Amino acid sequence: MAKTLILILGDQLTPDLSSLRGVAPGEAVVLMAEVVGEASYVRHHKKKIAFLFSAMRHFAEELRLAGWQVDYVQLNDAGNCGSLAGELLRAAERHGAAHIRVTEPGEWRVLQGLQALDTALDIEILPDDRFIASHAEFNSWAEGRKALRMEYFYREMRRKTGLLMDGEQPEGGQWNFDHDNRKAAARDLLMPQPLRFAPDAITREVIDLVDARFADHFGTLEPFWFATTRADAEAAFAHFLKTALPHFGDYQDAMLAGEKFLYHAVVSLYLNCGLLDPLEMCRAVEAEYREGRVPLNAAEGFIRQIIGWREYV
């Protein structure tokens, strides 16, 4: 019996991904592939490549522990053709797969590449429901409007999720506390810093790989202190909630020479690759406000970035 092949992309490192649902692990093979085409269609920063490859390798192990058969193609594997399309075709032949499942890519370029394979493979592209608004919901909201203002879309997302709502009204009597988020930061020796992690063996191997294969890309690989597992990404976000969120609202727009992070979370990379869930993050921030540990302008300012700007863009 031919198995289903599930392609998981580097920004889809989420265990309840739509492409994984409704399929028993024994009935499918998960394909993940490090390909030079995705790392070099533009010259990505070396740290970005290292982060994604390491996070992908760790996620593959997470899936194996959950019972999935994972076919993981590393960058230096013999026969690696260097493109997602090529690796998908090779894997389909390798496993005798009659059906391909994939969650909709976030990049139009990648989506078009998969759609172009539809004549050679039976590809089912499933919605990426890690976003709060579906394409249909956004189109319905946008239809007939003379101007597409994020502020009004954001209000719809507040109503849908119930985040920071007091019945039918916004918590605190207003939707947006942006005018309270523009204070100038003062230099502070106790300013919080993002949680850092020492690279493990998998990450060290990836750093060496990127150093060898992408030497002409910009940026440096050291120091490398990013989380590359779900547990560490969650720990990094929990650290932000405790140490920086209380002042995030006040200094959200501030800049200070010599200070790279101020009161920012520095977790967008974890969110964008799927190690953190946007709605869970927003609920955790709301809980901090409800428990009286952070002011409303901090909670609203952070939540607006996720269910407002991120969803809108």
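Strand β2 (residues 28–33) is mostly covered, with six of its six residues buried, where buried means under 20% relative accessible area, exposed over 50% and partly exposed in between, for a 1.4 Å probe and protein chains only. Strands (E, at least two residues) and helices (H or I, at least four) are DSSP runs numbered from the N terminus. This is a predicted model, in which local features need pLDDT of at least 70 and side-chain atom pairs count only at pLDDT 80 or more, while totals for chains, interfaces and linings use all residues. Residues are numbered from 1 along each chain as its sequence is written, and side-chain values use heavy atoms, with hydrogens and water left out.

Both faces of β2 are covered: Ala 28, Val 30 and Met 32 are buried on one side, and Val 29, Leu 31 and Ala 33 are buried on the other. Strand β1 (residues 4–7) is joined to β2 by four bridges and runs parallel to β2; Leu 7 stands opposite Leu 31 in β2. Strand β3 (residues 69–73) also runs parallel to β2, with five bridges between them, and Ala 33 has Val 73 in β3 as its bridge partner.

The next topic is empty space. Rolling a probe the size of a water molecule over the atoms shows where empty space is left. On a 1 Å grid over the protein atoms alone, a cavity is a set of points where a 1.4 Å probe fits but cannot get out, a pocket is an open set with protein on both sides within 12 Å along at least five of seven lines, and lining residues have an atom within 4 Å of a point. Grid points are joined across faces, edges and corners, and a volume is the space filled by probe spheres set on the points.

The largest pocket has a volume of about 1500 Å³. It is lined by 45 residues, and Asp 11, Pro 105, Gly 106, Glu 107 and Asn 272 are the closest to its centre. Helix α2 (46–65) gives the largest share of this lining, seven residues. By class, the lining of the largest pocket has 25 nonpolar, eight polar and twelve charged residues; Ala, Val, Leu, Ile, Met, Phe, Trp, Tyr, Cys and Pro count as nonpolar, Asp, Glu, Lys and Arg as charged, and the others, Gly among them, as polar.

The second largest pocket holds about 270 Å³ of space. Among its 14 lining residues, Ala 265, Ser 268, Phe 302, Gln 305 and Ile 306 are the closest to the centre. Helix α12 gives the most to this lining, with four residues.

The structure also holds two cavities of 30 Å³ or more. The largest cavity, of about 110 Å³, is lined by 17 residues, with Gln 193, Pro 194, Leu 195, His 264 and Ala 265 nearest its centre. Its lining divides into 13 nonpolar, four polar and no charged residues. The second largest cavity contains about 60 Å³ of space, and its lining has three nonpolar, three polar and three charged residues.

Asp 250 sits in the loop between α9 (245–248) and α10 (268–273). Asp 250 counts as buried because its relative accessibility is 15%. Its side chain makes a polar contact of 3.1 Å with that of Asn 297 (a pair of N or O atoms within 3.5 Å; within protein, one must be able to donate a hydrogen and the other to accept it, and residues adjacent in sequence count only if both atoms are side-chain atoms).

Technical notes. Pairing = 2+ DSSP bridges.
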